[in-house]
Amino acid sequence: MADRGVGAGSARRVPLAVRVYDELRRDLATGELAPTERLRAERLAKRYGVSRTPVREALARLQADGLVQRHPDGLYLYRPRLNELDELYELRIVLESRGFQRISGDRTVRVPMPTAHDLPTVRAELARWLDFRDTPPEPGPDLVAADEQFHTELLRAAGNSALAEALSAVYLRVRPVRTMDVPTADRVAAMTADHITIAEQVLAGDDEQALRTLTDHIETSRAHVRVRAEQAIAFTKLGHAVRD
């Protein structure tokens, strides 16, 4: 069976376990594989056109990343509890705030600190979201990815790529929840407006106000996701109480 979506030359260069890991992580994050679906090595091997060995290696790596959990009957996508969702959003605030703290100068860390964000990076993100304001993107995985890119690039622009990588790891754990929550046009417009405001404040050198806007933006997202998760749990319980 041919390798899915990978040319022969690329397949020779990239170890199968690495390719399966990347594709499986993407499919779990975008909802291609349902959160409630048991991750069977045999079925996944057929899906990705490989033997079970690279699938097992990929699953072990995903489990080590915290993106896959072992249940009594097998492996499943990590599904955060409500309190874990709150904790992950709190971690987002810590990481993203740290970028602004580096710019303002943290005397507790004895390493060279940048005096400003990488402005070309911020300008590129601003241009992208100005385009989105004129032509709003469709809700779905691409919008979620664009939102994540704004935040990770803004943090990377503060001069520490390790912080941005840590933020990406947080996003991987909450992305399945966000992908399943289809935002309204008003929410997309509000997200877009917030991103534009944050970028403009950074470019104007008003980092203090930009940090306040960013924190409010994340807190609003956290509150919405929690409400939606609580509603989903309530509807699930209601569904179990009735039948066709």
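Guide: The lining of the largest cavity has 5 nonpolar, 1 polar and 3 charged residues by class. Ala, Val, Leu, Ile, Met, Phe, Trp, Tyr, Cys and Pro count as nonpolar, Asp, Glu, Lys and Arg as charged, and the others, Gly among them, as polar. This is a predicted model, where local features need pLDDT of at least 70 and side-chain atom pairs pLDDT 80 or more, while totals for chains, interfaces and linings use all residues. Residues are numbered from 1 along each chain as its sequence is written, and side-chain values use heavy atoms, without hydrogens and water.

Visitor: Which residues line the largest cavity?

Guide: L143, V144, R178, D181, P183, R187, M191, S221 and V225. Helix 7, helix 9 (185-203) and helix 10 each give two or more residues to that lining. Helices (H or I, at least four residues) and strands (E, at least two) are DSSP runs, numbered from the N terminus.

Visitor: What volume does the largest cavity have, and how is a cavity defined?

Guide: The volume is about 100 Å³. On a 1 Å grid over the protein atoms alone, a cavity is a set of points where a 1.4 Å probe fits but cannot get out; a pocket is an open set with protein on both sides within 12 Å along at least five of seven lines, and lining residues have an atom within 4 Å of a point. Grid points are joined across faces, edges and corners, and a volume is the space filled by probe spheres set on the points.

Visitor: How many cavities of 30 Å³ or more does the search find?

Guide: The whole structure has 4 of them. Among the lining residues are R25, L62, Y78 and L172.

Visitor: New topic. How do helix 3 and helix 4 cross?

Guide: The axes of helix 3 (residues 41-48) and helix 4 (residues 52-65) come within 9 Å and cross at roughly 110°. The two helices are therefore roughly perpendicular, a label for angles of 65 to 115 degrees, with under 35 roughly parallel, over 145 roughly antiparallel and the rest oblique. Axes are lines fitted to C-alpha atoms, for helices over the stretch in contact, and angles run from 0 to 180 degrees between N-to-C directions.

Visitor: Which residues make the contact?

Guide: A41, E42, L44 and A45 of helix 3 meet R52, V55, R56 and L59 of helix 4, where contact means heavy atoms within 4.5 Å.
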